[in-house]
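Here is a note for a colleague who has not seen this structure before. Please read the points with the model open beside the text.

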Amino acid sequence: MLNQAFTELEQLETVIQQLGDRARVETVGLIPFKAREFPIYSIVMGSMRSDVPVLAFFGGVHGLEKIGSEVILSYLQTIIQLLDWDEEFAQRLERSRLVFMPIVNPVGVFRGTRCNANGVDLMRNAPIEGSGNTKLYSGHRLSPRLPWYRGDGSQMEAEAQALCQVVQRHVTNAPLSIALDLHSGFGIHDRLWFPYASRKQPFPDIAEAHALKSLFDRCYPNHFYKIEPMSQEYVINGDLWDYLYDSFSQSDNRQGLFLPLTLEMGSWLWLRKSPLHLFQRHGLFHPLLPHRQQRILRRHFTLFDFLYRSLLYPAKWSRLDSGQLNMNRQQALALWYA
Ligand SMILES: [Zn+2]
(Lines give C-alpha, C1' and ligand atoms only; values in the text may rest on other atoms or scores of the structure.)
Protein backbone atom coordinates (compact mmCIF):
# COMPACT_ATOMS: atom_id res chain seq x y z
CA MET A 1 0.00 0.00 0.00
CA LEU A 2 2.83 2.39 0.90
CA ASN A 3 4.37 2.53 -2.56
CA GLN A 4 1.26 1.59 -4.48
CA ALA A 5 0.73 3.78 -7.55
CA PHE A 6 -2.14 6.26 -7.56
CA THR A 7 -2.82 6.47 -11.30
CA GLU A 8 -5.63 9.04 -11.22
CA LEU A 9 -3.65 11.45 -9.04
CA GLU A 10 -0.60 11.07 -11.28
CA GLN A 11 -2.76 11.83 -14.32
CA LEU A 12 -4.21 14.87 -12.58
CA GLU A 13 -0.76 16.19 -11.71
CA THR A 14 0.34 15.72 -15.33
CA VAL A 15 -2.72 17.68 -16.51
CA ILE A 16 -1.89 20.44 -14.03
CA GLN A 17 1.66 20.59 -15.36
CA GLN A 18 0.44 20.76 -18.96
CA LEU A 19 -2.01 23.54 -18.14
CA GLY A 20 0.83 25.65 -16.75
CA ASP A 21 -0.14 29.30 -16.39
CA ARG A 22 -3.42 28.76 -18.26
CA ALA A 23 -5.06 27.67 -14.99
CA ARG A 24 -4.97 28.61 -11.33
CA VAL A 25 -4.40 25.52 -9.24
CA GLU A 26 -4.92 25.34 -5.50
CA THR A 27 -4.39 22.59 -2.97
CA VAL A 28 -7.64 22.91 -1.04
CA GLY A 29 -7.00 20.00 1.31
CA LEU A 30 -4.31 17.54 2.38
CA ILE A 31 -5.65 14.19 3.51
CA PRO A 32 -3.31 12.00 5.56
CA PHE A 33 -3.43 8.27 4.94
CA LYS A 34 -0.95 5.85 6.57
CA ALA A 35 2.47 7.39 5.97
CA ARG A 36 1.29 9.38 2.95
CA GLU A 37 -0.61 12.57 2.40
CA PHE A 38 -2.91 13.11 -0.59
CA PRO A 39 -3.70 16.57 -1.98
CA ILE A 40 -7.16 17.71 -3.08
CA TYR A 41 -6.70 19.99 -6.06
CA SER A 42 -9.00 22.60 -7.53
CA ILE A 43 -8.35 23.98 -11.01
CA VAL A 44 -9.84 27.28 -12.14
CA MET A 45 -9.64 28.46 -15.75
CA GLY A 46 -10.92 31.51 -17.57
CA SER A 47 -12.13 34.85 -16.27
CA MET A 48 -11.98 35.61 -12.55
CA ARG A 49 -14.51 38.42 -12.90
CA SER A 50 -17.52 38.18 -10.62
CA ASP A 51 -20.03 38.80 -13.43
CA VAL A 52 -19.24 35.82 -15.69
CA PRO A 53 -21.07 32.45 -15.71
CA VAL A 54 -19.38 29.39 -14.20
CA LEU A 55 -19.43 25.70 -15.05
CA ALA A 56 -17.87 23.40 -12.43
CA PHE A 57 -17.04 19.69 -12.41
CA PHE A 58 -16.62 17.42 -9.39
CA GLY A 59 -15.55 13.77 -9.36
CA GLY A 60 -14.48 11.01 -7.02
CA VAL A 61 -16.71 12.05 -4.10
CA HIS A 62 -17.38 8.33 -3.80
CA GLY A 63 -13.92 6.86 -4.33
CA LEU A 64 -15.18 3.59 -5.72
CA GLU A 65 -16.90 5.43 -8.57
CA LYS A 66 -13.57 6.59 -9.95
CA ILE A 67 -14.89 6.61 -13.54
CA GLY A 68 -16.21 10.10 -12.63
CA SER A 69 -12.65 11.31 -11.97
CA GLU A 70 -11.49 9.68 -15.19
CA VAL A 71 -14.19 11.34 -17.30
CA ILE A 72 -13.19 14.76 -15.93
CA LEU A 73 -9.48 14.06 -16.52
CA SER A 74 -10.30 13.03 -20.07
CA TYR A 75 -12.28 16.25 -20.60
CA LEU A 76 -9.36 18.29 -19.22
CA GLN A 77 -7.01 16.56 -21.65
CA THR A 78 -9.32 17.57 -24.50
CA ILE A 79 -9.43 21.16 -23.24
CA ILE A 80 -5.62 21.32 -23.14
CA GLN A 81 -5.54 20.34 -26.80
CA LEU A 82 -8.33 22.79 -27.76
CA LEU A 83 -6.45 25.63 -26.09
CA ASP A 84 -3.64 24.99 -28.54
CA TRP A 85 -5.64 25.99 -31.65
CA ASP A 86 -9.36 26.62 -31.03
CA GLU A 87 -9.58 30.41 -30.79
CA GLU A 88 -13.30 30.30 -30.20
CA PHE A 89 -12.80 28.11 -27.13
CA ALA A 90 -10.18 30.54 -25.81
CA GLN A 91 -12.60 33.43 -26.36
CA ARG A 92 -15.31 31.59 -24.42
CA LEU A 93 -12.97 31.41 -21.47
CA GLU A 94 -12.51 35.16 -21.53
CA ARG A 95 -16.19 35.55 -20.66
CA SER A 96 -16.73 32.53 -18.44
CA ARG A 97 -15.02 30.37 -15.82
CA LEU A 98 -14.45 26.62 -15.62
CA VAL A 99 -13.80 24.99 -12.26
CA PHE A 100 -12.60 21.41 -11.73
CA MET A 101 -12.24 19.23 -8.66
CA PRO A 102 -11.56 15.85 -10.28
CA ILE A 103 -10.63 13.93 -7.12
CA VAL A 104 -12.65 15.17 -4.14
CA ASN A 105 -12.00 12.05 -2.04
CA PRO A 106 -8.40 11.01 -2.80
CA VAL A 107 -8.13 8.30 -0.14
CA GLY A 108 -11.38 6.77 -1.41
CA VAL A 109 -10.21 6.79 -5.03
CA PHE A 110 -6.82 5.41 -4.01
CA ARG A 111 -8.28 2.56 -1.95
CA GLY A 112 -11.34 1.99 -4.12
CA THR A 113 -13.78 2.71 -1.31
CA ARG A 114 -16.99 4.70 -1.34
CA CYS A 115 -16.15 6.45 1.95
CA ASN A 116 -13.15 8.49 3.04
CA ALA A 117 -10.46 7.26 5.47
CA ASN A 118 -12.77 7.90 8.45
CA GLY A 119 -15.47 5.65 6.99
CA VAL A 120 -17.68 8.64 6.16
CA ASP A 121 -19.84 8.81 3.03
CA LEU A 122 -19.15 12.39 1.95
CA MET A 123 -22.46 12.70 0.09
CA ARG A 124 -24.25 12.04 3.40
CA ASN A 125 -22.04 14.35 5.43
CA ALA A 126 -23.69 17.80 5.18
CA PRO A 127 -25.76 19.22 8.05
CA ILE A 128 -29.11 18.67 6.35
CA GLU A 129 -31.81 16.14 7.20
CA GLY A 130 -33.78 14.10 4.70
CA SER A 131 -37.50 14.13 5.23
CA GLY A 132 -39.94 11.31 4.67
CA ASN A 133 -39.11 7.70 4.20
CA THR A 134 -35.34 7.46 4.80
CA LYS A 135 -33.51 4.13 4.80
CA LEU A 136 -30.09 2.93 5.96
CA TYR A 137 -28.66 3.94 2.57
CA SER A 138 -30.07 7.42 3.08
CA GLY A 139 -27.26 7.95 5.59
CA HIS A 140 -27.05 7.02 9.29
CA ARG A 141 -24.97 7.66 12.40
CA LEU A 142 -24.77 4.04 13.61
CA SER A 143 -21.17 3.10 12.78
CA PRO A 144 -18.41 3.95 10.30
CA ARG A 145 -18.11 0.21 9.72
CA LEU A 146 -21.43 0.25 7.86
CA PRO A 147 -21.75 1.86 4.42
CA TRP A 148 -23.52 5.24 4.13
CA TYR A 149 -22.22 6.47 7.51
CA ARG A 150 -22.90 10.22 7.84
CA GLY A 151 -20.24 11.01 10.43
CA ASP A 152 -20.94 11.94 14.04
CA GLY A 153 -22.43 15.31 13.15
CA SER A 154 -19.79 17.41 14.93
CA GLN A 155 -18.26 18.93 11.81
CA MET A 156 -18.03 18.14 8.14
CA GLU A 157 -15.12 16.02 6.90
CA ALA A 158 -12.11 17.84 5.40
CA GLU A 159 -13.01 16.69 1.86
CA ALA A 160 -16.61 17.93 2.18
CA GLN A 161 -15.39 21.25 3.58
CA ALA A 162 -12.94 21.59 0.70
CA LEU A 163 -15.73 21.03 -1.84
CA CYS A 164 -17.99 23.60 -0.13
CA GLN A 165 -15.15 26.10 0.01
CA VAL A 166 -14.45 25.79 -3.74
CA VAL A 167 -18.17 26.11 -4.58
CA GLN A 168 -18.60 29.19 -2.41
CA ARG A 169 -15.39 30.88 -3.58
CA HIS A 170 -15.54 30.20 -7.32
CA VAL A 171 -19.04 29.03 -8.29
CA THR A 172 -21.95 30.53 -6.35
CA ASN A 173 -20.39 33.99 -6.44
CA ALA A 174 -21.35 34.13 -10.13
CA PRO A 175 -24.64 35.44 -11.53
CA LEU A 176 -25.26 32.08 -13.20
CA SER A 177 -23.60 28.76 -12.44
CA ILE A 178 -23.97 25.01 -12.89
CA ALA A 179 -22.09 22.40 -10.88
CA LEU A 180 -21.91 18.86 -12.26
CA ASP A 181 -21.00 16.08 -9.82
CA LEU A 182 -20.11 12.78 -11.52
CA HIS A 183 -21.11 9.46 -9.97
CA SER A 184 -21.78 5.93 -11.17
CA GLY A 185 -23.61 2.87 -10.07
CA PHE A 186 -27.34 3.44 -9.99
CA GLY A 187 -29.47 1.52 -12.50
CA ILE A 188 -29.11 1.08 -16.24
CA HIS A 189 -29.83 4.66 -17.36
CA ASP A 190 -27.57 7.68 -17.26
CA ARG A 191 -29.40 10.08 -15.00
CA LEU A 192 -29.11 13.79 -14.59
CA TRP A 193 -30.39 14.77 -11.18
CA PHE A 194 -31.25 18.20 -9.85
CA PRO A 195 -32.33 19.13 -6.28
CA TYR A 196 -33.78 18.14 -4.00
CA ALA A 197 -32.18 14.93 -2.75
CA SER A 198 -33.40 15.47 0.80
CA ARG A 199 -37.11 16.00 0.23
CA LYS A 200 -39.79 15.21 -2.30
CA GLN A 201 -40.81 18.80 -2.89
CA PRO A 202 -40.06 21.03 -5.85
CA PHE A 203 -36.99 23.22 -5.37
CA PRO A 204 -37.38 26.98 -5.96
CA ASP A 205 -35.73 26.98 -9.41
CA ILE A 206 -37.80 24.13 -10.79
CA ALA A 207 -39.07 26.26 -13.70
CA GLU A 208 -35.52 26.97 -14.88
CA ALA A 209 -34.52 23.29 -14.49
CA HIS A 210 -37.51 22.33 -16.64
CA ALA A 211 -36.72 24.97 -19.26
CA LEU A 212 -33.12 23.73 -19.45
CA LYS A 213 -34.35 20.15 -19.89
CA SER A 214 -36.75 21.27 -22.67
CA LEU A 215 -33.91 23.02 -24.46
CA PHE A 216 -31.72 19.91 -24.22
CA ASP A 217 -34.59 17.65 -25.39
CA ARG A 218 -35.18 19.96 -28.33
CA CYS A 219 -31.53 20.19 -29.40
CA TYR A 220 -30.65 16.53 -28.79
CA PRO A 221 -33.92 14.58 -29.22
CA ASN A 222 -32.00 11.29 -29.17
CA HIS A 223 -30.12 11.90 -25.94
CA PHE A 224 -30.10 9.09 -23.39
CA TYR A 225 -30.38 10.93 -20.07
CA LYS A 226 -33.20 10.53 -17.64
CA ILE A 227 -33.56 14.04 -16.21
CA GLU A 228 -35.38 14.30 -12.88
CA PRO A 229 -35.17 15.51 -9.29
CA MET A 230 -32.96 13.11 -7.33
CA SER A 231 -35.73 12.55 -4.75
CA GLN A 232 -37.69 10.87 -7.52
CA GLU A 233 -35.42 7.85 -6.97
CA TYR A 234 -34.60 8.10 -3.28
CA VAL A 235 -34.28 10.56 -0.41
CA ILE A 236 -31.03 10.99 1.51
CA ASN A 237 -29.63 12.76 4.56
CA GLY A 238 -26.65 15.06 4.40
CA ASP A 239 -26.60 15.78 0.66
CA LEU A 240 -23.84 18.33 0.01
CA TRP A 241 -25.60 19.83 -3.01
CA ASP A 242 -28.89 20.42 -1.22
CA TYR A 243 -26.90 22.02 1.58
CA LEU A 244 -24.99 24.29 -0.83
CA TYR A 245 -28.10 25.09 -2.85
CA ASP A 246 -30.10 26.02 0.28
CA SER A 247 -27.23 28.13 1.65
CA PHE A 248 -27.14 29.97 -1.68
CA SER A 249 -30.87 30.38 -2.28
CA GLN A 250 -31.71 31.36 1.30
CA SER A 251 -28.95 33.93 1.67
CA ASP A 252 -30.13 37.54 2.03
CA ASN A 253 -28.07 38.80 -0.87
CA ARG A 254 -28.90 35.97 -3.27
CA GLN A 255 -28.23 37.02 -6.81
CA GLY A 256 -28.74 34.92 -9.89
CA LEU A 257 -29.07 31.19 -10.25
CA PHE A 258 -27.00 28.23 -9.04
CA LEU A 259 -28.01 24.84 -10.42
CA PRO A 260 -26.23 21.81 -8.92
CA LEU A 261 -26.58 18.69 -11.08
CA THR A 262 -25.51 15.12 -10.43
CA LEU A 263 -24.60 12.90 -13.35
CA GLU A 264 -25.25 9.34 -12.22
CA MET A 265 -23.78 7.05 -14.88
CA GLY A 266 -25.82 3.88 -15.04
CA SER A 267 -23.24 1.17 -14.51
CA TRP A 268 -25.67 -1.74 -14.33
CA LEU A 269 -25.63 -1.53 -18.10
CA TRP A 270 -21.94 -2.43 -18.06
CA LEU A 271 -22.78 -5.25 -15.66
CA ARG A 272 -25.49 -6.63 -17.89
CA LYS A 273 -23.05 -6.80 -20.76
CA SER A 274 -20.44 -8.67 -18.73
CA PRO A 275 -21.76 -10.33 -15.57
CA LEU A 276 -18.21 -11.19 -14.45
CA HIS A 277 -18.10 -7.58 -13.26
CA LEU A 278 -19.97 -8.71 -10.18
CA PHE A 279 -16.94 -10.56 -8.89
CA GLN A 280 -14.44 -7.76 -9.26
CA ARG A 281 -13.81 -5.01 -6.81
CA HIS A 282 -14.55 -2.05 -9.07
CA GLY A 283 -16.85 -3.95 -11.37
CA LEU A 284 -20.18 -2.62 -10.15
CA PHE A 285 -19.07 0.96 -10.48
CA HIS A 286 -16.53 0.89 -13.25
CA PRO A 287 -16.38 -0.35 -16.85
CA LEU A 288 -13.60 -2.93 -16.90
CA LEU A 289 -13.22 -3.55 -20.62
CA PRO A 290 -10.99 -0.95 -22.34
CA HIS A 291 -13.35 -0.27 -25.26
CA ARG A 292 -16.24 0.24 -22.87
CA GLN A 293 -14.21 2.57 -20.72
CA GLN A 294 -13.18 4.62 -23.79
CA ARG A 295 -16.81 4.91 -24.78
CA ILE A 296 -17.76 6.24 -21.37
CA LEU A 297 -14.85 8.67 -21.27
CA ARG A 298 -16.24 10.46 -24.33
CA ARG A 299 -19.95 9.69 -23.92
CA HIS A 300 -20.82 12.82 -21.95
CA PHE A 301 -18.87 15.50 -23.81
CA THR A 302 -21.99 16.57 -25.74
CA LEU A 303 -23.72 17.20 -22.43
CA PHE A 304 -20.72 19.14 -21.08
CA ASP A 305 -20.64 21.32 -24.18
CA PHE A 306 -24.40 21.90 -24.06
CA LEU A 307 -24.21 23.00 -20.41
CA TYR A 308 -21.33 25.32 -21.19
CA ARG A 309 -23.19 26.96 -24.08
CA SER A 310 -26.41 27.18 -22.08
CA LEU A 311 -24.50 29.27 -19.53
CA LEU A 312 -23.05 31.55 -22.21
CA TYR A 313 -26.43 32.02 -23.92
CA PRO A 314 -28.97 31.68 -21.12
CA ALA A 315 -31.93 33.61 -22.57
CA LYS A 316 -34.07 30.54 -23.27
CA TRP A 317 -33.93 29.01 -19.81
CA SER A 318 -32.66 31.30 -17.08
CA ARG A 319 -34.12 34.66 -18.14
CA LEU A 320 -37.77 33.72 -18.45
CA ASP A 321 -40.61 36.20 -18.16
CA SER A 322 -43.37 35.53 -15.67
CA GLY A 323 -45.57 33.77 -18.24
CA GLN A 324 -42.78 31.39 -19.25
CA LEU A 325 -41.85 30.80 -15.61
CA ASN A 326 -45.39 29.88 -14.77
CA MET A 327 -45.77 27.58 -17.77
CA ASN A 328 -42.52 25.76 -17.05
CA ARG A 329 -43.40 25.42 -13.40
CA GLN A 330 -46.78 23.85 -14.23
CA GLN A 331 -45.17 21.46 -16.70
CA ALA A 332 -42.48 20.51 -14.16
CA LEU A 333 -45.08 19.81 -11.47
CA ALA A 334 -47.07 17.62 -13.86
CA LEU A 335 -43.97 15.76 -15.06
CA TRP A 336 -42.20 15.10 -11.77
CA TYR A 337 -44.51 15.72 -8.83
CA ALA A 338 -47.98 14.67 -9.95
ZN1 LIG B 1 -21.88 8.11 -5.88
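This is a predicted model: local features need pLDDT of at least 70, side-chain atom pairs count only at pLDDT 80 or more; totals for chains, interfaces and linings use all residues.

1. The largest pocket. The largest pocket holds about 360 Å³ of space. It is lined by 23 residues, and those closest to its centre are Arg-114, Arg-124, Trp-148, Tyr-234 and Glu-264. Strand S5, residues 176-184, and strand S8, residues 257-265, each supply at least two residues of this lining. S5 gives the most to it, with 3 residues. Sorted by class, the lining has 12 nonpolar, 5 polar and 6 charged residues.

2. The second largest pocket. Here the space is about 240 Å³. The lining has 13 residues, of which Thr-172, Asn-173, Phe-248, Ser-251 and Asn-253 are the closest to the centre. Helix H7, residues 240-249, provides the largest share of this lining, 3 residues. The classes are 4 nonpolar, 8 polar and 1 charged.

3. The largest cavity. How many cavities of 30 Å³ or more does a search of the whole structure find? The search finds 2. The largest has a volume of about 110 Å³. Its lining consists of Leu-192, Phe-194, Ala-209, Leu-212, Lys-213, Phe-216, Ile-227, Leu-259, Leu-261, Leu-303, Phe-306 and Leu-307. Two or more of these residues come from each of strand S6 (190-194), helix H6, strand S8 and helix H10 (301-312). H6 gives the most, with 4 residues. By class, the lining of the largest cavity divides into 11 nonpolar, no polar and 1 charged.

4. The second largest cavity. This cavity has a volume of about 60 Å³. Trp-193, Phe-194, Pro-195, Tyr-196, Ala-197, Met-230, Asp-239, Trp-241, Asp-242, Pro-260, Leu-261 and Thr-262 line the second largest cavity. S6, H7 and S8 are the elements that give two or more residues to this lining. The largest share, 3 residues, comes from S8. The lining has 9 nonpolar, 1 polar and 2 charged residues.

5. The cis peptide bond. Most peptide bonds are trans. The bond from Pro-195 to Tyr-196 is cis, with omega near 0°. Tyr-196 sits in the loop between S6 and H6.

6. Ser-231. Is Ser-231 buried or exposed? Ser-231 counts as buried because its relative accessibility is 3%, and the limit for buried is under 20%. This serine is placed in the loop between strand S7 (225-229) and H7. Leaving aside residues up to four places away in sequence, Ser-231 touches Tyr-196, Ala-197, Arg-199 and Lys-200.

7. Helices H6 and H12. Two packed helices are described by the angle between their axes and the distance between the axes. H6 (residues 206-219) and H12 (residues 322-336) pack at about 85°, with their axes 8 Å apart. H6 is therefore roughly perpendicular to H12, as the range for that term is 65 to 115 degrees. On the H6 side the contact is made by Ile-206, Ala-207, Glu-208, His-210, Ala-211, Lys-213 and Ser-214, and on the H12 side by Leu-325, Asn-328, Arg-329, Gln-331, Ala-332, Leu-335 and Trp-336. By class, the contact has 7 nonpolar, 4 polar and 3 charged residues.

8. Positive phi values. Most residues other than glycine have a negative phi. Lys-34 has a positive phi, near 50°. Its place is in the loop between strand S1 (24-33) and strand S2 (36-46), and at 65% relative accessibility Lys-34 counts as exposed. Trp-148 also has a positive phi, about 70°. Trp-148 lies in the loop between helix H4 (106-111) and helix H5 (158-171), and its relative accessibility of 27% makes it partly exposed. Trp-148 is among the residues closest to the centre of the largest pocket.

Conventions:
Residues are numbered from 1 along each chain as its sequence is written. Side-chain values use heavy atoms; hydrogens and water are left out. On a 1 Å grid over the protein atoms alone, a cavity is a set of points where a 1.4 Å probe fits but cannot get out, and a pocket is an open set with protein on both sides within 12 Å along at least five of seven lines; lining residues have an atom within 4 Å of a point. Grid points are joined across faces, edges and corners, and a volume is the space filled by probe spheres set on the points. Ala, Val, Leu, Ile, Met, Phe, Trp, Tyr, Cys and Pro count as nonpolar, Asp, Glu, Lys and Arg as charged, and the others, Gly among them, as polar. Buried means under 20% relative accessible area, exposed over 50%, partly exposed in between (1.4 Å probe, protein chains only). Contact means heavy atoms within 4.5 Å. Axes are lines fitted to C-alpha atoms, for helices over the stretch in contact, and angles run from 0 to 180 degrees between N-to-C directions. Angles under 35 degrees count as roughly parallel, over 145 as roughly antiparallel, 65 to 115 as roughly perpendicular and the rest as oblique.
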